[in-house]
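Visitor: I'd like to learn how to read a model like this one, feature by feature. Can you walk me through it?

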Amino acid sequence: MQDNYGRTIEYLRLSVTDRCNLRCRYCMPASGVETIDHADILSYEEMLRVVAVAIRCGVKKIRVTGGEPLVRKGIVEFIRDMSDLSKKIEITLTTNGILLADMAADLRKAGLSRVNVSLDTLREDRFLEITRRAGLQKVIDGLHAAEAVGLTPLKINMVPIRGVNDDEIADFARLTLDQPWEVRFIEFMPVSDGLDYTPDNMFPAADIIKALENVGKLVSELRQGPAGPARMFHFPDSPGHIGVIPAVSEHFCGECNRMRITADGRIRPCLFSTEEIDLRGALRRNASDAELEAILRNAACAKPERHHIGEKDFRQGKRRMHGIGG
Ligand SMILES: Nc1nc2c(ncn2[C@@H]2O[C@H](COP(=O)(O)OP(=O)(O)OP(=O)(O)O)[C@@H](O)[C@H]2O)c(=O)[nH]1
Ligand SMILES: C[S@@+](CC[C@H](N)C(=O)[O-])C[C@H]1O[C@@H](n2cnc3c(N)ncnc32)[C@H](O)[C@@H]1O
Ligand code: SF4
Ligand code: SF4
């Protein structure tokens, strides 16, 4: 489907829950997280209807996200049911990796193509500090399990925050010297329900690249395939790749190809939307597929041209990252 700025929307990010088994400081508060009532969360049957209609609208890639998608019961079966809808779509998932080691084989069998794993430190004490939970080894086991069952190419998402973990950029980059992983550094964005975003703690892409250049010669890669947000690099002769996602400083809105659906059935035309479009109401009054299709297509037309972070009028929406899914 097309939006009003000539962009083709073919990537749907579907949040299946707003709950999470970690409490990353840059995403969630330590306690008192407001959660969506169970009755308001879309059932898997409702989500499957949405996915089927989205495929009719031209969606080719579905990313399952959350909160933490692997904590929702029945997620493996849901992925299998989505994969049964069409063999032509790519089904992917973004996870914190805590439950991945135990679930990787079943996810693969169910039809998941690959996973992106969020990991912000390689140090156990710091993992506890950042996520407020223990579990670094579980995430590392999850990475290896995902690799072993073929949930590849495996991507690691790291959000460097000044004074928190920016000193680990080189260690993360070095993972690509002997693993075929894509390590991606993502700029901290003002959608946190925890640590406040400030221009001082945001570690910009330009500084990330400087830190990477201290590790070795960075070779730039040409973009391939459908537009993605990462600028890609590798070190000579290394099996892995490095991505830098300049979500704030340079943004990639001109190539945006995605829309989001929250776990309670609201369409977010943009990550930073302050307006959401209701889909749950239509699903629960048993709207026809044609009506659902019209809602999705209209939502695509409500996509803004770009985000306005850093500008005078920028306002953070009420829903934050753990409720949106990234
Ligand atoms: N500003 C902005 N950030 C995004 C967008 N999509 C993803 N991100 C951020 O990029 C990071 C990585 O996202 P992922 O969930 O791994 O998804 P992806 O980058 O689309 O994944 P690939 O399909 O592997 O390219 C997350 O922190 C997201 O919040 C977007 O449309 N706009
Ligand atoms: C909200 S999480 C949901 C999926 C899963 N729980 C995970 O952590 O991968 C999706 C992505 O958003 C990123 N994220 C969360 N808060 C962020 C922020 N304020 N700025 C940039 N990225 C953020 C996380 O690092 C993660 O890669
Ligand atoms: S980034 Fe992911 S794992 Fe961390 S608190 Fe947010 S939703 Fe949970
Ligand atoms: S900020 Fe909005 S318009 Fe820009 S890439 Fe992200 S979702 Fe697309």
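Visitor: Let's begin with a cysteine. In which loop does cysteine 253 lie?

Guide: Keep in mind that this is a predicted model. To place a residue, look for the elements on either side of it. Cysteine 253 sits in the loop that links strand E9 (241–245) to strand E10 (258–261). Cysteine 256 has its place in that loop between E9 and E10 too.

Visitor: And which residues does UniProt list with cysteine 253 under "binding site"?

Guide: The unreviewed UniProt entry lists Cys253, Cys256 and Cys270 under that heading. They are spread over 18 residues of sequence, yet they cluster in space, with a largest C-alpha distance of 9.4 Å.

Visitor: How do I read burial here? Is cysteine 256 buried or exposed?

Guide: You count C-beta atoms within 10 Å, and 20 or more others make a residue buried. Cysteine 256 has 24, so it is buried. Cysteine 253 has 19 C-beta neighbours inside 10 Å, so it counts as partly exposed.

Visitor: What is cysteine 253 in contact with, leaving aside neighbours within four places in sequence?

Guide: Those contacts are Glu305, Arg306 and His307.

Visitor: On to the ligand. How many residues surround ligand 2, and which are the closest?

Guide: For a ligand, read the shell around it. Here 21 residues surround ligand 2, and Ser118, Asn157, Met189, Met321 and Gly326 are the closest. Strand E3 (90–95) and helix H10 (321–324) each give at least two residues to that shell.

Visitor: What does the shell look like by class?

Guide: Sort its residues and you get nine nonpolar, 11 polar and one charged around ligand 2.

Visitor: Which residues does the other "binding site" annotation cover?

Guide: According to the unreviewed UniProt entry, it covers Tyr26, Gly67, Ser118 and Met189. Take glycine 67, which lies in the loop between strand E2 (61–65) and helix H2 (75–85). With 27 other C-beta atoms within 10 Å, glycine 67 is buried. Not counting residues up to four places away in sequence, glycine 67 touches Ser15, Thr17, Asp18, Arg19, Cys20 and His322.

Visitor: Where does serine 118 lie?

Guide: Serine 118 belongs to strand E4, residues 114–118. It is buried, as 22 other C-beta atoms lie within 10 Å. Once neighbours within four places in sequence are left aside, serine 118 is in contact with Thr94, Asn96 and Asn157.

Visitor: Why is E4 as a whole largely enclosed by the rest of the structure?

Guide: Because four of its five residues are buried.

Visitor: How do E3 and E4 pair?

Guide: For pairing, check the direction and the bridges. E3 and E4 run in the parallel sense over four bridges, and threonine 92 has arginine 114 in E4 as its bridge partner. The chain gets from E3 to E4 through helix H3 (residues 100–110), in a right-handed β-α-β crossover.

Visitor: What about E4 and strand E5?

Guide: E4 and strand E5 (residues 155–158) are also parallel, over three bridges. Asparagine 116 has lysine 155 in E5 as its bridge partner, and serine 118 stands opposite asparagine 157 in E5.

Definitions and conventions. Residues numbered from 1 in each chain as written. Chains lettered and ligands numbered in written order. Predicted model: local features only at pLDDT ≥ 70, side-chain atom pairs only at ≥ 80, totals over all residues. UniProt positions renumbered as here; feature names shortened; annotations may be inferred. Buried ≥ 20, exposed ≤ 12 C-beta atoms within 10 Å, placed from the backbone. Contact = placed C-beta atoms within 7 Å. Near = placed C-beta within 6 Å. Nonpolar A, V, L, I, M, F, W, Y, C, P; charged D, E, K, R; others polar. Pairing = 2+ DSSP bridges. Right-handed = clockwise from strand over helix to strand, strands pointing away.
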